[in-house]
Amino acid sequence: SALCLAFVDSIPYILSVCAVMARVLIVVALFAVSLAWAPASEVVLPSADDDECGSDEGGQCSLSALQRRGTKVSAAASEGFLEGVDPSLVFVESAAAADEDWSIFGSSDCDSPINCFNDQLDTVKFLASEGLYYEFDTAEGQKVWSTEVEGRSYYADAEVTFPLASASKLFTAFATMVTMQLKPQDWYPQKQVNEFKGWTDFSNFAIVDSKKKANLTIHELLTHTSGLPFGMRMSKEDLAKQTLFYPPGTAFGYTLGHRVAGWLLRDYWMGQPETKGLNFTTVDDCFQWLIFKPLGLKATKFDDSLTEAFGYSGQAGDASIRANGQDLMKLAVTALRRGKTLDGQQLISEANWNKWAIPNLLPGGKPSKDLVGWMGPEASWANWDVGDVKESIMKQSGDYGWNYFGATWHDNKEIGWCGFFSTCLRVNYQYDVAFVMMQRDVSDLKQSKLYVAQHFGEMAQSLQCIGGPKCVKSGAQSLFCDTSGKVAPQSATTTCPSSTQRGKGWGDEHKDTYFDLKNHACYAPGCAGR
């Protein structure tokens, strides 16, 4: 069913690709005709009659005019001009020929990781209607940089909501950890699911190729080590009848443990004295009270249109939450602050955050790729593993571990996850920065997730101030402006570029803007132990 849904969802994208390719072919054909009528390979330079150059001693004005018009001149050519060499004898190359051209819409003058990323996003391969938005924030909740990329219909910004798909797991994981913090006698990692009221039948699971039976724990649900299947439409009763693919706690299999955790949280909190009189009945009711309101979220909720797509026992905490960039960033900043919100609420103690949400908690501390457990004759359409598709999905993000919050990379310096629609949250403790990327792009042909995975550190470094304070104390100003190497604090009266946009048409509404290395917002990371 997931493959069918993905195919249906991709139809408009496929048609759009065909339309764009048709336009590209027409442009190429016209360009070929123009080349056929043009003079043989002769470099045409500006003359005194058609530009500002007039008398051009040594060709320096012609060089400047070419560069302003987007033509890249090699270093040797520049030296030639300075030595007074005849400009018509100098080889002039286009930027597209000199650099790898990632986008027919964007610039190929890739002078910074931010501009390189924007080039990759601004491409015919990006066909989503809603556009794309991403943002970097400091631990003080200050926006360092953001970019809006135009989609087929409009731009996305921080207020446009998107389905999070698998990134929903981050909220469910956070809700579970908050509950473990509040109710440590009832909720703890090794607590068995069948010990909760109303869940006694969720026990004695059969295991493939074994005569043994097994029960499941909270730890195994949150770390994808339960052995449960990776399915779409599953009810609590369906799951209770499943055969586990491996003994719980021995392997890794990306699964719907977070869906079970969401249902458990709903059932548990409905019977607690803290919620008496609230009359909530859904997972959304529970999450609104437990984490959405404490985090200050305004637009985040479960999308009821996805409820039946993902299960028959209530809203799916692993897949059906919808949010905007503002709200997802609040979760990211709280994660960067190790469980503490911007208004000072320590929803999860720092000690527990460091224990639950940062280290790799998979068996033996191994990366997930070494623990994939969806092999053997059980592969079938029923468990969505034809052609080892599950294994491919689970290995696609490289060397990552998993903990109670999400994935963890780079020796536990970075945590987060991306969803089926390519919306992502990343937090990096080494660079002290939070990142969210909002979009609805199933195929992600532009490889935005891959770029973030490979170059997140480089993007963060490019946004750190050079020449400013090396670090700042908690609560201190963390946002600055870098103007030609001079760093000064930003204020309400300071004008400093902190965003870019990439359009897909012509005119001011669709213009492209770029990260300027000599004038941009920058940040200072927090001092250790702040």
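Helices (H or I, at least four residues) and strands (E, at least two) are DSSP runs, numbered from the N terminus. With that in hand, the tour can start.

What you have open is a predicted model, in which local features need pLDDT of at least 70, side-chain atom pairs count only at pLDDT 80 or more, and totals for chains, interfaces and linings use all residues. Residues are numbered from 1 along each chain as its sequence is written, and side-chain values use heavy atoms, with hydrogens and water left out.

**The whole chain**

Colour by secondary structure and you get 15 helices and 19 strands. Of the 530 residues, 52% are buried (under 20% relative accessible area; exposed is over 50%, and partly exposed is in between, with a 1.4 Å probe and protein chains only). Now take contacts, meaning heavy atoms within 4.5 Å: among those between residues at least 6 apart in sequence, 63% join residues at least 24 apart.

**Stop 1: two loops with positive phi**

Select Asp411, in the loop between strand E12 (407-409) and strand E13 (414-418). Its phi is near 55°, a positive value in a residue other than glycine. Asp411 counts as exposed, at 67% relative accessibility.

Now jump to Asp444, in the loop between strand E15 (433-438) and helix H15 (448-463). Phi is positive here too, near 45°, and again the residue is not a glycine. Is Asp444 buried or exposed? It is buried, because its relative accessible area is 7%.

**Stop 2: the nonpolar cores**

A nonpolar core is a set of buried Ala, Val, Leu, Ile, Met, Phe, Trp, Tyr and Cys residues joined through side-chain atoms within 4.5 Å. The largest one here has 83 residues, and Phe171, Phe287, Ile291, Trp353 and Phe405 have the most contacts inside it. Pick Trp353 and show what surrounds it: leaving out residues up to four places away in sequence, Trp353 touches Phe174, Met177, Ala335, Arg338, Gly339, Ile348, Ile358, Phe405, Ile415 and Tyr429. There is also a second, separate core of 27 residues, with Phe117, Phe136, Val433 and Tyr523 among them.

**Stop 3: H9 against H10**

Show helix H9 (residues 257-270) with helix H10 (residues 283-292): their axes come within 9 Å and cross at roughly 75°. The axes are lines fitted to C-alpha atoms, for helices over the stretch in contact, and the angles run from 0 to 180 degrees between N-to-C directions. H9 and H10 are therefore roughly perpendicular to each other (65 to 115 degrees; under 35 is roughly parallel, over 145 roughly antiparallel, and the rest oblique).

Which residues of H9 and H10 meet? From H9, select Gly262, Trp263, Leu265, Arg266 and Trp269; from H10, Val283, Cys286, Phe287, Trp289 and Leu290. By class, this contact has eight nonpolar, one polar and one charged residues. Ala, Val, Leu, Ile, Met, Phe, Trp, Tyr, Cys and Pro count as nonpolar, Asp, Glu, Lys and Arg as charged, and the others, Gly among them, as polar.

**Stop 4**

Go to Asn324, in strand E10 (residues 321-324). Asn324 is buried, with a relative accessible area of 4%. Zoom in on its side chain: one of its polar atoms lies 2.9 Å from the backbone nitrogen of Asp327. Setting aside neighbours within four places in sequence, Asn324 is in contact with Ala158, Glu159, Val160, Thr161, Ala299 and Met438.

Next, select Leu328, in helix H12 (residues 325-336). Leu328 counts as buried, at 1% relative accessibility. Beyond neighbours within four places in sequence, its contacts are Leu164, Phe171, Thr423, Cys424, Leu425, Val436 and Met438. Draw a C-alpha distance from Leu328 to Met437: the two are 109 residues apart along the chain and separated by 9.1 Å.

**Stop 5: Asn115**

Helix H5 (residues 113-121) holds Asn115, which counts as buried at 2% relative accessibility. Leaving aside neighbours within four places in sequence, Asn115 is in contact with Arg502, Tyr514 and Phe515.

Gln430 sits in the loop between strand E14 (424-428) and E15, and is partly exposed at 48% relative accessible area. Its C-alpha is 8.9 Å from that of Pro525, 95 residues apart along the chain.

Finish on Gly526, in the segment after strand E19 (519-523). Asp432, Cys471 and Val472 are its contacts once neighbours within four places in sequence are set aside.

Conventions:
A polar contact is a pair of N or O atoms within 3.5 Å; within protein, one must be able to donate a hydrogen and the other to accept it, and residues adjacent in sequence count only if both atoms are side-chain atoms.
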